[in-house]
Number of protein chains: 4
Amino acid sequence: MQIGFIGLGKMGFNMVLNLLRHKHEVTGYDINESLVNEVKQEGAGGVLTLPELCQSLQGRRVLWLMIPAGPLIDRVIDQLIPLISEGDVIIDGGNSHYKDSVRRYGMLKEKGIHFVDCGTSGGTEGALNGACTMVGGDPNVVASIGQVFTDISVENGYLYTGPSGSGHFTKMVHNGIEYGMMQSIAEGFEVLEKSPYPFDYQAVSKMWNNGSVIRSWLMELTENAFSKDPKLESILGRMHSSGEGKWTLEAALDMGVPTPVIALSLMMRYRSLQDDTFSGKVVAALRNEFGGHAVDKK
Amino acid sequence: MQIGFIGLGKMGFNMVLNLLRHKHEVTGYDINESLVNEVKQEGAGGVLTLPELCQSLQGRRVLWLMIPAGPLIDRVIDQLIPLISEGDVIIDGGNSHYKDSVRRYGMLKEKGIHFVDCGTSGGTEGALNGACTMVGGDPNVVASIGQVFTDISVENGYLYTGPSGSGHFTKMVHNGIEYGMMQSIAEGFEVLEKSPYPFDYQAVSKMWNNGSVIRSWLMELTENAFSKDPKLESILGRMHSSGEGKWTLEAALDMGVPTPVIALSLMMRYRSLQDDTFSGKVVAALRNEFGGHAVDKK
Amino acid sequence: MQIGFIGLGKMGFNMVLNLLRHKHEVTGYDINESLVNEVKQEGAGGVLTLPELCQSLQGRRVLWLMIPAGPLIDRVIDQLIPLISEGDVIIDGGNSHYKDSVRRYGMLKEKGIHFVDCGTSGGTEGALNGACTMVGGDPNVVASIGQVFTDISVENGYLYTGPSGSGHFTKMVHNGIEYGMMQSIAEGFEVLEKSPYPFDYQAVSKMWNNGSVIRSWLMELTENAFSKDPKLESILGRMHSSGEGKWTLEAALDMGVPTPVIALSLMMRYRSLQDDTFSGKVVAALRNEFGGHAVDKK
Amino acid sequence: MQIGFIGLGKMGFNMVLNLLRHKHEVTGYDINESLVNEVKQEGAGGVLTLPELCQSLQGRRVLWLMIPAGPLIDRVIDQLIPLISEGDVIIDGGNSHYKDSVRRYGMLKEKGIHFVDCGTSGGTEGALNGACTMVGGDPNVVASIGQVFTDISVENGYLYTGPSGSGHFTKMVHNGIEYGMMQSIAEGFEVLEKSPYPFDYQAVSKMWNNGSVIRSWLMELTENAFSKDPKLESILGRMHSSGEGKWTLEAALDMGVPTPVIALSLMMRYRSLQDDTFSGKVVAALRNEFGGHAVDKK
């Protein structure tokens with residue numbers, strides 16, 4: 001299939017290579033000229049403007065967006081609208097909020113343009129060698145381009161999840177689970193680390209990856225990480241986040257679902273970005289007030 | 001009543017003054033000579049050895065321990081046993097674990113000595129002007145010295161809670177609730193502090209103490225703290241703890257009671273004592289492994 | 001001052017009585033005719049339509065809304081706009097989201113109408129005898145009607161909190177703290193209840209209200225509740241909520257503030273409304289899958 | 001190697017088959033005669049008394065205990081002591097608390113008997129076809145029987161973890177992580193279930209097992225569970241637990257490690273076993289007291 005690919009970052013570039021390997025005709029677009037040149041060297045077409053991208057595609061256009069979630073998606077879609085035709089398909093393969101995807105689907109539907117939300121998992125390595133894709137949108141539209149999702153994914157790694165938004169919703173929940181799993185693993189290793197035993201974390205994680213109940217890709221990545229830095233001494237425990245855990249929690253709150261583990265996984269990330277806390281000061285001051293307990297002075 | 005008072009620290013000294021004001025005859029004991037001298041100047045007797053203390057009391061001895069919980073209690077009791085007689089009463093007014101109190105009660109009962117566990121709340125100010133006492137032990141024994149608890153407490157602030165251990169159990173749970181209330185207040189003020197509004201925390205806490213649902217002694221202490229240091233800039237948010245919150249949580253776990261708020265109040269205290277965390281490093285390393293997300297280097 | 005009072009429910013009715021006692025001239029409006037009649041018997045004016053309400057007020061109109069948060073506020077404001085004049089003041093005394101208040105403030109400002117957000121605490125009893133009010137809006141506007149807030153509140157129970165929205169923001173955070181405090185108390189009593197000791201909960205809460213660190217209005221209400229039903233046998237532990245705890249959590253998430261205690265207080269409420277859980281089924285099924293552990297069949 | 005195997009339950013029986021397949025000479029012991037007969041039909045020896053078991057082994061005895069953790073372990077060890085000789089090895093392959101293992105190790109060491117603690121993961125299926133074993137004890141002792149652990153485990157699934165207790169400590173932490181992972185998955189599916197989308201949970205879990213970041217054995221078991229009962233309608237969400245999650249949390253508390261996710265995973269299990277809660281009643285009663293909010297009557 002002919003695909004116009006918008007966004008050649010870490011994920012997007014790998015996905016273009018993946019698509020090329022599966023004999024799709026890809027034209028890549030990015031504002032970064034060197035990325036465009038690189039993708040051309042790999043056998044894709046490459047353009048630096050959206051009009052060129054849209055002109056380069058014959059017949060029904062399939063445009064795959066792999067750019068940061070948020071207002072940029074809206075800006076790119078607004079630029080694409082006058083350049084494309086009824087029946088064309090825009091796929092958002094990034095981590096957009098599912099409610100934004102539903103909104104964009106509705107707005108584009110009025111113009112006869114199809115919108116498909118595709119949650120993509122598997123990291124940069126999966127993008128290259130076989131991702132996991134969860135795709136929402138009109139069933140006939142998704143079916144008509146299903147081969148792309150099948151090709152870019154590992155076997156059985158593509159699922160049509162249902163109506164518009166369901167792909168990004170599924171990805172959001174996937175990430176919520178991921179937050180919880182990561183925090184679970186992390187808490188376990190901190191208990192090992194504070195114990196009186198001199199554990200070899202790489203050896204432990206390797207053993208756990210072979211036959212244990214908690215064997216998992218995340219545990220394999222844990223093993224990898226410890227193989228490079230046995231006690232992770234070179235890095236700080238600052239846990240950034242990019243939104244999907246928060247969205248899962250917000251969706252859960254809206255639906256009245258108790259998700260304590262996802263909530264605490266997120267909050268420990270927030271806490272890790274604070275050097276000192278105002279709440280801690282309040283508690284320390286209160287202990288001093290009622291019990292005369294010493295406070296740690298600055 | 002004649003009372004031998006063991007331990008003249010912040011809490012104990014104030015309680016001696018309180019007892020003296022209520023016309024009890026108190027002999028104070030401490031290993032710190034200057035504290036003994038101070039208590040003598042206030043009108044109490046003062047001794048530097050336990051034998052002197054026990055000899056100074058006529059008739060049935062009532063000995064009030066106000067010393068740090070743990071093995072020190074056992075050591076002092078072991079020293080007292082040969083110095084006292086059947087029918088004498090030992091009161092532990094400190095923050096002992098209720099299981100230790102039950103054990104000590106049983107051990108002393110075999111020797112004919114009475115043991116009473118008295119949880120004491122209200123802080124140093126309450127110790128001086130009217131505490132809150134929750135007292136467990138044999139009902140007739142507690143009744144026979146009930147006037148002491150009534151006198152040392154504010155009106156209606158003394159309760160006989162039941163069999164041995166129940167006084168310290170009640171105090172333990174009191175402190176568990178206290179942890180949760182303090183963390184609740186602290187989280188609220190951190191939300192205010194991170195908000196776009198320029199709140200005056202002393203003014204807010206003062207207003208909340210007048211007519212709101214959350215008016216409370218802890219909120220009054222919050223107001224006091226902010227009156228001295230409007231943004232608590234002089235102190236660090238390191239929240240120490242002295243065991244009772246942990247015990248409440250452990251008791252809850254033993255009984256299968258979910259106590260998420262008490263648990264998290266305790267854990268945020270532990271977290272506040274860590275500058276960096278191993279769990280945070282694990283999560284940061286994992287994010288780097290699967291998504292190529294940057295880690296913060298040391 | 002002359003005040004048009006919109007909404008004569010549990011809170012509003014009591015506030016009208018409170019205002020009358022402070023010699024304000026109040027005209028009450030409600031769609032419920034019997035409430036309007038009742039308020040007239042108490043010495044207020046009473047009307048059944050908003051045009052009559054607005055006509056009944058001389059000079060600068062002050063309109064106090066005490067109606068359920070949400071779209072109803074917008075509908076009433078929309079009806080009021082053609083009926084009132086530049087310089088008039090609308091006070092929203094209910095539990096509106098502070099972002100809605102900021103939006104309404106901006107919309108009304110364009111029309112020359114003042115909007116003041118007033119968070120009100122203290123329950124129905126406080127509404128009658130002295131509330132706690134936290135008020136946001138233009139400082140000169142709030143100052144011009146400050147006597148109303150002073151009168152309706154207990155001494156020191158009124159605070160001008162700052163720009164538009166800050167009153168409702170403060171009230172939101174107040175309720176978040178309230179959630180945490182209530183859950184703290186509740187967890188403590190469940191630990192008492194599952195313990196081997198035969199506690200008298202009314203006696204315990206009464207004692208805790210006299211001299212303890214956790215004495216508070218909420219503990220007094222706990223004492224009241226146990227005085228009526230010593231083991232709360234007549235009621236179910238279903239904890240409903242009306243939004244402010246959720247909003248506090250959402251605001252905290254937006255600002256990156258960890259608020260585990262407020263989060264868990266809310267989630268335990270959600271959990272209490274579920275008879276069985278899908279998450280529980282998943283865990284039970286997994287335990288069965290890997291360990292052959294028995295599941296409880298329906 | 002010759003092995004005396006004590007306990008032929010779900011796990012033990014499969015492990016005996018596993019050992020036989022690896023050409024070890026096994027004599028099985030159980031109080032259940034039919035299990036002993038079954039194991040004999042599989043090619044193992046089988047006895048009904050411990051003296052017979054000990055007599056059946058030549059040279060240095062290796063005795064593998066696969067029985068419920070707790071006092072039963074102590075009782076069996078007490079019975080074995082007079083039946084065995086210096087230099088013999090007792091392996092505890094069950095889920096004992098690591099502190100008990102350290103205590104048993106010390107007690108047996110005084111008698112010249114070796115004690116090895118072996119945490120075993122992988123469920124009943126792993127027991128049969130390749131388990132994951134984490135083994136603590138004296139290094140030379142463990143090395144001398146290392147082939148047994150290598151054989152019974154999948155490749156790279158056996159690790160010598162360090163001094164006595166470290167095997168069971170590692171298994172304990174493994175289970176703590178398992179609790180958190182399971183609760184993460186469970187929360188995710190509950191969010192899917194309460195969403196407006198008509199998800200097919202088996203299809204989602206299958207897709208997630210192919211290429212996603214959260215692919216894992218537990219997700220495969222999730223897929224299995226949904227393949228048998230698409231909405232888990234036949235079972236109740238009651239989550240039992242057998243102690244290791246609680247122990248992990250207790251160890252974390254002793255070491256001052258914040259483990260909110262493990263804590264909450266455990267507490268949601270406890271909560272799932274309650275039909276109604278006393279804490280819920282307290283909150284409901286309080287809401288009624290201050291706000292007149294309706295309570296749900298029994």
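Trainee: Which side chains meet in a salt bridge at 2.6 Å, N to O?

Mentor: B:K228 and A:E289. A salt bridge here is a side-chain nitrogen of Lys or Arg within 4 Å of a carboxyl oxygen of Asp or Glu. Before we go on: this is a predicted model, where local features need pLDDT of at least 70, side-chain atom pairs count only at pLDDT 80 or more, and totals for chains, interfaces and linings use all residues. Residues are numbered from 1 along each chain as its sequence is written, chains are lettered from A and ligands numbered from 1 in the order in which they are written, and side-chain values use heavy atoms, leaving out hydrogens and water.

Trainee: How many salt bridges between chain A and chain B?

Mentor: The count is 4.

Trainee: And which helices of chain A supply the side that touches chain B?

Mentor: α6 (123-129), α9 (166-194), α11 (217-228), α13 (260-272) and α14 (278-291) each supply at least two residues. Helices are DSSP runs (H or I, at least four residues), numbered from the N terminus. The largest share comes from α14(A), with 13 residues.

Trainee: How much area do chain A and chain B bury between them?

Mentor: About 5500 Å², 62% of it on carbon and sulfur atoms. Buried area is the accessible area (1.4 Å probe) that two parts lose on being put together, summed over both.

Trainee: Switching to A:Q274. Where is it?

Mentor: In the loop between α13 and α14 of chain A.

Trainee: Buried or exposed?

Mentor: A:Q274 is buried, at 12% relative accessible area. Buried means under 20% (1.4 Å probe, protein chains only).

Trainee: What does A:Q274 touch?

Mentor: B:E190, B:K194 and C:P258, not counting residues up to four places away in sequence. Touching means heavy atoms within 4.5 Å.

Trainee: How many disulfides over all chains?

Mentor: 0. A disulfide needs two cysteine sulfur atoms within 2.5 Å.

Note on methods. Buried means under 20% relative accessible area, exposed over 50%, partly exposed in between (1.4 Å probe, protein chains only).
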